[in-house]
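Look at the fold before reading on.

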Amino acid sequence: MTFRSPIKYCRACGTAVVYRLPDDGDTKQRAVCPACNTVHYENPLNVVGTVPAMPDGRILLCKRNIEPRWGKWTLPAGFMELDETTAQGAARETDEEAGAQIEMGPLFSLLNVRRVGQVHLFYRATLLSDQFNPGFETIEAKLFAEDEVPWDELAFRTVKETLQCYFADRKAGALGMHFIDIE
């Protein structure tokens, strides 16, 4: 079951909405305004980030200074903003959270998290320096080899799955593209 905070009022006119099948043949119940007939669609949120790595394979992780999961480790990532591509958003989040200088690589993992209505996209990124300047959302930004990753202290399953894919691919000698569904 997907968690969602229900829409209560029409964004166009402010009237209380009702949940029903729209008159346009849609097959899902939607928030529909009885006054102006605006149909309000609820779509997944995109979370974008990077797997920033040094040439030796060490990964940059950020210790969260915000909820949810304050004090846990994560890859630099966050919600995509309007008027940016997924890659631009991932680069922005990496700069905001870690203050890391990177060269953006290709898309590495796409994770569907249906339960919370999110899609997580992580890009490979090469770190150009081992000097970081974390923003206010990050307590600490630090490099980890695979055997140093605080696996039990990772903030999100999407991060754990992505890191497991990254290290497995490095061992196999080829970094691929990964599609994962998380229930």
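## Ground rules

This is a predicted model: local features need pLDDT of at least 70, side-chain atom pairs count only at pLDDT 80 or more, and totals for chains, interfaces and linings use all residues. Residues are numbered from 1 along each chain as its sequence is written, and side-chain values use heavy atoms, leaving out hydrogens and water.

## The nonpolar cores

In soluble globular proteins, nonpolar side chains tend to be buried together. A nonpolar core here is a set of buried Ala, Val, Leu, Ile, Met, Phe, Trp, Tyr and Cys residues joined through side-chain atoms within 4.5 Å. Buried means under 20% relative accessible area, exposed over 50%, and partly exposed in between (1.4 Å probe, protein chains only).

The largest nonpolar core has 21 residues. Ile59, Leu61, Leu75 and Leu163 have the most contacts inside it. At least two residues each come from strands S4 (45-53), S5 (59-64), S8 (102-113) and S11 (178-182), and from helix H2 (157-172). Helix H2 gives the most, with five residues. Helices (H or I, at least four residues) and strands (E, at least two) are DSSP runs, numbered from the N terminus.

Take Leu75. Leaving aside neighbours within four places in sequence, its contacts (heavy atoms within 4.5 Å) include Thr50, Ile59, Phe122 and Leu163. Apart from this core lies another, of eight residues, among them Met54, Cys62, Ala98 and Ala141.

## Empty space

Rolling a probe the size of a water molecule over the atoms shows where empty space is left. The search uses a 1 Å grid over the protein atoms alone. A cavity is a set of points where a 1.4 Å probe fits but cannot get out; a pocket is an open set with protein on both sides within 12 Å along at least five of seven lines; lining residues have an atom within 4 Å of a point. Grid points are joined across faces, edges and corners, and a volume is the space filled by probe spheres set on the points.

The whole structure has one cavity of 30 Å³ or more. The largest cavity has a volume of about 40 Å³. Its lining is Cys62, Arg64, Ile66, Thr74, Glu97, Glu137 and Thr138. That makes two nonpolar, two polar and three charged residues. Ala, Val, Leu, Ile, Met, Phe, Trp, Tyr, Cys and Pro count as nonpolar, Asp, Glu, Lys and Arg as charged, and the others, Gly among them, as polar.

The second largest pocket has a volume of about 600 Å³. Its lining holds 26 residues, with Val47, Pro68, Gln118, His120 and Phe156 nearest its centre. The lining divides into 13 nonpolar, five polar and eight charged.

## Ring pairs

The structure holds four aromatic pairs. Rings of Phe, Tyr and Trp (its six-membered ring) pair if their centres lie within 6.5 Å; planes under 30 degrees apart count as stacked, over 60 as edge-to-face and the rest as tilted.

Trp73 and Phe144 are edge-to-face, 5.0 Å centre to centre with 80° between the planes. Trp73 lies in strand S6 and Phe144 in strand S10, so the pair ties together parts that are 71 residues apart in sequence. Trp73 is buried at 8% relative accessibility, and Phe144 at 5%. Phe108 and Tyr166 have ring centres 6.3 Å apart and planes at 70°, so this pair is edge-to-face too. Ring pairs link Phe108, Trp151, Tyr166 and Phe167 into a cluster.
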